[in-house]
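Below is a set of questions and answers on one protein structure.

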Amino acid sequence: FFVLSSYLITRILLGAKKKAVRNGFGRWKVAVAFLTRRTLRIFPAYYFYLLILLLLPLEGGEVRRHLAMYFFYLSNVLIHITKTWDPFTVHLWTLAVEEQFYLVWPWIILFIPDKYLVKVFTAMMVAGVLFRIISVTFMTDQNIEIFPMLVLAPACMDCFAAGAILAYYHNKGFINNKWLKWVLIGIIPIWLFLIFSPHRRIFLGMDRVFVSLFAVTIIDMANRGYTGITKRFLENSVVQYLSKISYSIYLYHLSVCITFCFLY
């Protein structure tokens with residue numbers, strides 16, 4: 001989710017940046033326009049879901065107790081502070097991280113010269129890994145502290161950076177990156193070793209790097225175009241319709257599933 005989002009947003013911003021420079025538009029205006037479009041696209045469904053929860057006597061208790069945290073997209077920070085999470089709102093941490101990313105990303109892409117961007121993205125990847133490793137090192141109880149750490153924006157930086165690097169090179173015309181799948185195949189044994197090894201700290205530090213590389217490979221392949229059964233599946237009208245409403249499905253799926261299990 002984070003890798004794909006970063007890839008798409010970075011390509012949009014790089015294209016807007018190029019047009020702004022060519023046509024003499026102010027980059028501040030580009031950033032404001034981007035944030036406005038994101039707001040109109042994301043906020044209505046999110047706040048409608050919060051409204052539904054607020055109207056429910058039991059399910060909305062968590063939102064009513066911490067309304068400001070949910071209203072300002074800080075549910076991930078709330079989880080980190082309280083070390084607890086509600087079954088109807090736990091998934092909103094991803095949207096909180098995403099919104100925090102949106103608030104920062106336009107300024108990075110639009111105001112940092114292109115020649116430095118890859119270095120910035122690489123530094124972000126390293127910082128994300130180090131943040132997780134250092135956080136795990138100083139934990140007193142990993143059973144209750146790992147998830148509250150993983151939902152913080154700094155713990156997700158390398159995911160966003162991975163998508164941004166791919167977007168940068170695609171934007172520069174480097175689209176034939178078939179070597180990526182061989183790199184992915186090469187690291188799978190390392191990934192499996194860390195999963196089943198006692199090196200818990202290293203695994204937690206590197207796990208999202210491996211997942212991000214998998215996502216980058218899939219996105220890179222999609223950019224060139226799929227063929228065969230994959231192409232037919234993705235072009236199916238039902239699949240395309242579900243993709244269009246996937247954001248709403250994600251928002252409401254937990255409440256629907258929990259309610260269904262409660263009723264039956």
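Helices here are DSSP runs of H or I, at least four residues long, and are numbered from the N terminus. The model is predicted.

Q: How many helices and how many strands does the secondary structure come to?
A: Read along the sequence, the pattern is α-α-α-α-α-α-α-α-α-α-α-α-α-α. The secondary structure therefore comes to 14 helices and zero strands, with helices counted as DSSP runs of at least four residues.

Q: What is the radius of gyration of the protein, and how does it stand against the globule rule?
A: The C-alpha trace spans about 55 × 50 × 40 Å along its principal axes. For 264 residues the globule rule gives 18 Å, and the value for this protein is close to that, so the protein is as compact as a globular protein of that length. The radius of gyration is 20 Å.

Q: What percentage of the contacts with a separation of 6 or more joins residues 24 or more positions apart?
A: Contact means heavy atoms within 4.5 Å. Among contacts with a separation of 6 or more, the share from residues 24 or more positions apart is 73%.

Q: What part of the accessible surface belongs to carbon and sulfur atoms?
A: Buried residues make up 40% of the 264 residues. The accessible surface comes to about 15,100 Å². Of that surface, the part belonging to carbon and sulfur atoms is 71%.

Q: Is A161 buried or exposed?
A: A161 lies in helix α9, which covers residues 157-171. Its relative accessible area is 0%. Since the cut-off for buried is under 20%, A161 is buried.

Q: Which residues does A161 touch, not counting those up to four places away in sequence?
A: A161 and F121 are 40 residues apart along the chain, yet their C-alpha atoms are separated by 4.9 Å. F121 is one of the residues that A161 touches.

Q: Which helix gives the most to the lining of the largest pocket?
A: The largest pocket has a volume of about 1,100 Å³. Of the 39 residues that line it, the closest to its centre are F1, L4, S5, L8 and S246. Helices α1, α2, α6, α11, α13 and α14 each supply at least two lining residues. The helix that gives the most, with nine residues, is α11.

Q: How many charged residues are in the lining of the largest pocket?
A: By class, this lining has 25 nonpolar and seven polar residues. The number of charged residues is seven.

Q: Which residues are the closest to the centre of the second largest pocket?
A: About 340 Å³ of space lies in the second largest pocket. Of the 14 residues that line this pocket, the closest to its centre are I165, W179, L180, L213 and V216.

Q: How many charged residues line the second largest pocket?
A: Helices α9, α10 and α11 each supply at least two residues of this lining. By class, the lining has twelve nonpolar and two polar residues.

Q: Which helix gives the most to the lining of the largest cavity?
A: A search of the whole structure finds one cavity of 30 Å³ or more, and the largest cavity has a volume of about 40 Å³. Its lining includes E62, Y70, W85 and D86. The helix that gives the most, with four residues, is α5.

Methods:
Residues are numbered from 1 along each chain as its sequence is written. This is a predicted model: local features need pLDDT of at least 70, side-chain atom pairs count only at pLDDT 80 or more; totals for chains, interfaces and linings use all residues. Side-chain values use heavy atoms; hydrogens and water are left out. Buried means under 20% relative accessible area, exposed over 50%, partly exposed in between (1.4 Å probe, protein chains only). On a 1 Å grid over the protein atoms alone, a cavity is a set of points where a 1.4 Å probe fits but cannot get out, and a pocket is an open set with protein on both sides within 12 Å along at least five of seven lines; lining residues have an atom within 4 Å of a point. Grid points are joined across faces, edges and corners, and a volume is the space filled by probe spheres set on the points. Ala, Val, Leu, Ile, Met, Phe, Trp, Tyr, Cys and Pro count as nonpolar, Asp, Glu, Lys and Arg as charged, and the others, Gly among them, as polar. The radius of gyration is taken over C-alpha atoms; the globule rule is 2.2 Å times the number of residues to the power 0.38. Accessible areas come from the Shrake-Rupley method with a 1.4 Å probe; for residues, only the protein chains shown count as cover.
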